[in-house]
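Student: I have a structure open and would like to learn how to read it. Could you take me through it, one feature at a time?

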Amino acid sequence: MSTDLRTFRLVCAPRNVEKVEELLRAQGFEFRPEPFYSMARILEKEPFPLGESVAARFGRIYIQDRSSMLPPLMLAPNEGDSVLDMCAAPGSKTGLLARLVGRDGFVLASEPSSDRLSLLRQNLRKVQAVNTATVHYESQKLPLPPSSWKIIQLDPPCSGWGTLNKNPKAMEVWKDEKTIPLVNLQRKLLKKAYELLAPGGRLVYSTCTTNVQENEEQTRFAIEELGFELFSLPHPEGFTIADPLLPDMDGVLRVDGSGGGQGFYLCGLRKPGNAETQIPGTCNPPGKKVNLKETEFPGSVELSSLPEGDIYEFKGKAMFMNRHALKILPAELRWQGFPIGKLNRGRFRPDPFGRCLLPQEPDNAALVIEKPQDIINLLSGQSLPAPAKGKGPAGLYYKDMLLGFTGKKGTRYVWTDK
């Protein structure tokens, strides 16, 4: 298996897998399933960049290295869980975590870089991870209460030696003493993660490097210096797992990149004990709470499709605030909810990709497309016939799969992603 294989995952409910694959095949893409995750695929034919496909534009697939999918899958949160992602950008793992915890779960994603935070938010918007919130902090300084999380994902900055097929100079750039700042940062993040975990809580630590200093030696530091307990991770089917480079490391995963995908390292760490998480005081969401039912909004919007939570207006944007965030985030934390549209003079306009606001059953004004070519035509600027009555935005569906909202001018549907 080539290490240059392109992989992606489907972003949909199981009942929609066939429809997403239809969209891809209609544009000439060929692929096969991966054995380790039912939604993962290996790309076999790419007639043009996969990121420009209809499925990608509507966030129904996400291009991601197969090894990069492992940390959330190994962390394996249950539906309804709340998870802290300490080093989240560009959002690949965050988005997968959001899928795993489901509609009733929650993921808080932290990122210190302004540019990477913007990319994180863009990617979460595209896949409609409405059950997430983001914060702009150095995660080792996160103002969160001790023992306030049961599940944490930590994929810190690393030397990237496992990505040489994509970054051939990584080992040259990060070698010898140049990795010392990375090692020190990783230890600060591990220490903070131990503080934030409730007794009995678990953490998956991962890197995309093969460097023992950032891998097994950090696992040893976490156990011997911080007090973590190591727990075994299952062997993911379809991966070549190499032996650990230090003794007493049973259950860590050193993913050999020669088996396909990036070289990766993962270990499972548990905080000893058994106690409930400590819930802080009332949070302080940015903006003003609004009731969208008191605004003018398109008839195609179904507010009950959202998870439990509230909507706030912030700088003209309508932001969804998840109920978990409102309950567990402390007042001193600055955070941002999930954007679902815009508010202007008492009118709400949904995000064009905001399928989280669509009813499962299309209303009479919706555009339901049966042929993939019609979606391609719509995205290329062609209009499609619409009922004479009503105005947009209108719900957009491929068969019975939710896509987003399309515009309407007179008796024609038109696409705009503004």
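Student: Which strand gives the most to the lining of the largest cavity?

Tutor: Rolling a probe the size of a water molecule over the atoms shows where empty space is left. A cavity is a set of points, on a 1 Å grid over the protein atoms alone, where a 1.4 Å probe fits but cannot get out, and lining residues have an atom within 4 Å of a point. Here E22 gives the most, with three residues. Strand E22 (401–409) and strand E18 (347–350) each supply at least two residues of that lining; strands are DSSP runs (E, at least two residues), numbered from the N terminus. Please keep in mind that this is a predicted model, where local features need pLDDT of at least 70, side-chain atom pairs count only at pLDDT 80 or more, and totals for chains, interfaces and linings use all residues. Residues are numbered from 1 along each chain as its sequence is written, and side-chain values use heavy atoms, leaving out hydrogens and water.

Student: What volume does the largest cavity have?

Tutor: About 60 Å³, taking volume as the space filled by probe spheres set on the points, which are joined across faces, edges and corners. Among its lining residues are Arg 349, Phe 405 and Lys 418.

Student: In what order do the four strands of the open sheet come?

Tutor: Strands of a sheet pair through backbone hydrogen bonds, either parallel or antiparallel. This open sheet runs E2-E3-E1-E4, with antiparallel pairing; two strands pair if DSSP finds at least two bridges between them. Strand E2 (30–33) and strand E4 (61–63) are at the edges with a single partner strand each, so one side of each has no neighbour in the sheet. E2 pairs with strand E3 (residues 40–45) over four bridges, and Phe 31 has Leu 43 in E3 as its bridge partner.

Student: Is Leu 84 buried or exposed?

Tutor: Buried means under 20% relative accessible area, exposed over 50%, and partly exposed in between (1.4 Å probe, protein chains only). Leu 84, in strand E5 (residues 82–85), is buried, with a relative accessible area of 0%. Beyond neighbours within four places in sequence, Leu 84 has contacts (heavy atoms within 4.5 Å) that include Leu 108, Trp 149 and Leu 196.

Student: Which residues of helix H8 are buried?

Tutor: In H8 (residues 216–226), Glu 216, Gln 218, Thr 219, Phe 221, Ala 222 and Leu 226 are buried; helices are DSSP runs too (H or I, at least four residues). Their cover includes helix H7 (180–196) and strand E9 (197–207). Just after H8, Gly 227 has a positive phi of about 105°.

Note on methods
On a 1 Å grid over the protein atoms alone, a cavity is a set of points where a 1.4 Å probe fits but cannot get out, and a pocket is an open set with protein on both sides within 12 Å along at least five of seven lines; lining residues have an atom within 4 Å of a point.
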